[in-house]
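Dear colleague,

I am passing on a structure that you have not worked with before, and below it I have set out what was found. Please read the notes with the model open beside them.

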Amino acid sequence: MNTTDRFYNAACHIWEQYYSHPFIKGMGDGSLEISKFRYFMLQDYLYLFEYAKVFAFGVTKAHDHEILRIFSKSIDDILNEEMEIHKSYMARIGISERDILNVKPALNNISYTSYMLAESERGGIADITAAILACSWSYAKIGKYLAEDKKNTEHEFFGQWIDGYAGEVFQSNNIMLMNLMNRLTENISEAEYKRLETIFVNCSKYELEFWNMAWEGEPDNA
Ligand SMILES: Cc1ncc(CO)c(N)n1
């Protein structure tokens with residue numbers, strides 16, 4: 001079994017909860033309150049700047065030119081492709097630059113990105129890819145899952161989000177990262193594999209916490 005199949009088996013009890021999550025179901029059937037989506041978009045926008053820095057560790061630690069290109073292209077795609085989804089929604093919802101500057105990352109958001117950055121600083125290219133993969137792959141799967149029903153992608157508000165993640169650029173970048181993960185782990189020991197699996201499973205849990213945070217919104221004591 002290749003590494004990504006083993007990762008999936010190790011995390012599927014968490015991933016199954018994404019599909020039935022009220023936030024994700026609400027984007028699918030169009031019932032999600034815009035105020036919840038607004039909070040998610042702002043937190044996710046801040047998240048993406050930190051997530052891009054995880055790839056930047058990959059740039060500095062790359063041991064060949066192809067890997068260097070994969071990580072540097074990913075940074076460009078996050079900052080200039082994926083963020084277009086966020087910017088477009090911000091314009092639609094009426095969120096200004098100043099609103100964005102006033103947003104503080106929620107504790108879950110900080111914890112998740114700090115964990116990814118810490119593992120990336122400590123580890124090598126395989127650890128960095130394992131940390132990235134739960135994010136990239138889960139959004140690729142959620143986008144595709146929601147896009148299975150044509151009605152969802154045609155929704156006048158949430159359709160753009162679903163199309164963005166189900167679309168060619170995001171999907172093919174994710175496949176590139178999955179292939180990279182498998183290539184990097186072809187000859188590793190079981191102990192090394194286990195270390196990477198732990199990172200992947202932890203990031204999968206952080207993903208679920210991010211959806212919970214988006215659903216529950218700003219806590220009263222924030
Ligand atoms: C929290 C989170 N995870 C993954 C992605 C996909 O890049 C995203 N935009 N946000």
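In what follows, contact means that heavy atoms lie within 4.5 Å, and helices are DSSP runs of H or I with at least four residues, strands being runs of E with at least two, both numbered from the N terminus. This is a predicted model, in which local features need pLDDT of at least 70 and side-chain atom pairs count only at pLDDT 80 or more, while totals for chains, interfaces and linings use all residues. Residues are numbered from 1 along each chain as its sequence is written, and side-chain values use heavy atoms, with hydrogens and water left out.

The helix to begin with is α2 (residues 22-29), whose buried residues are Phe23, Ile24, Gly26, Met27 and Gly28; buried means under 20% relative accessible area, exposed over 50% and partly exposed in between, with a 1.4 Å probe and protein chains only. The cover over these buried residues includes α1 (3-19), α3 (34-61), α7, α8 (150-153), α9 (159-166) and α11 (190-216). Just after α2, Gly30 takes a positive phi of about 80°.

Met27 also belongs to the residues with the most contacts inside the largest nonpolar core, which has 73 residues. Such a core is a set of buried Ala, Val, Leu, Ile, Met, Phe, Trp, Tyr and Cys residues joined through side-chain atoms within 4.5 Å. Helix α7 (residues 125-147) gives the most to this core, with 14 residues. Met116, another of the residues with the most contacts there, touches Tyr47, Tyr51, Val54, Ala131, Cys135 and Cys203, not counting residues up to four places away in sequence.

For Tyr139, the distance from a ligand nitrogen to a side-chain N or O atom is 3.2 Å. The protein covers 100% of the 290 Å² of accessible area (Shrake-Rupley method, 1.4 Å probe) that the ligand has on its own.

Finally, Ala106 is found in the loop between α5 (97-101) and α6 (107-122). Ala106 and Phe210 are 104 residues apart in sequence, yet their C-alpha atoms are 9.6 Å apart in space.

With best wishes

Methods: Polar contact = N/O pair within 3.5 Å; in protein donor to acceptor, adjacent residues only side chain to side chain.
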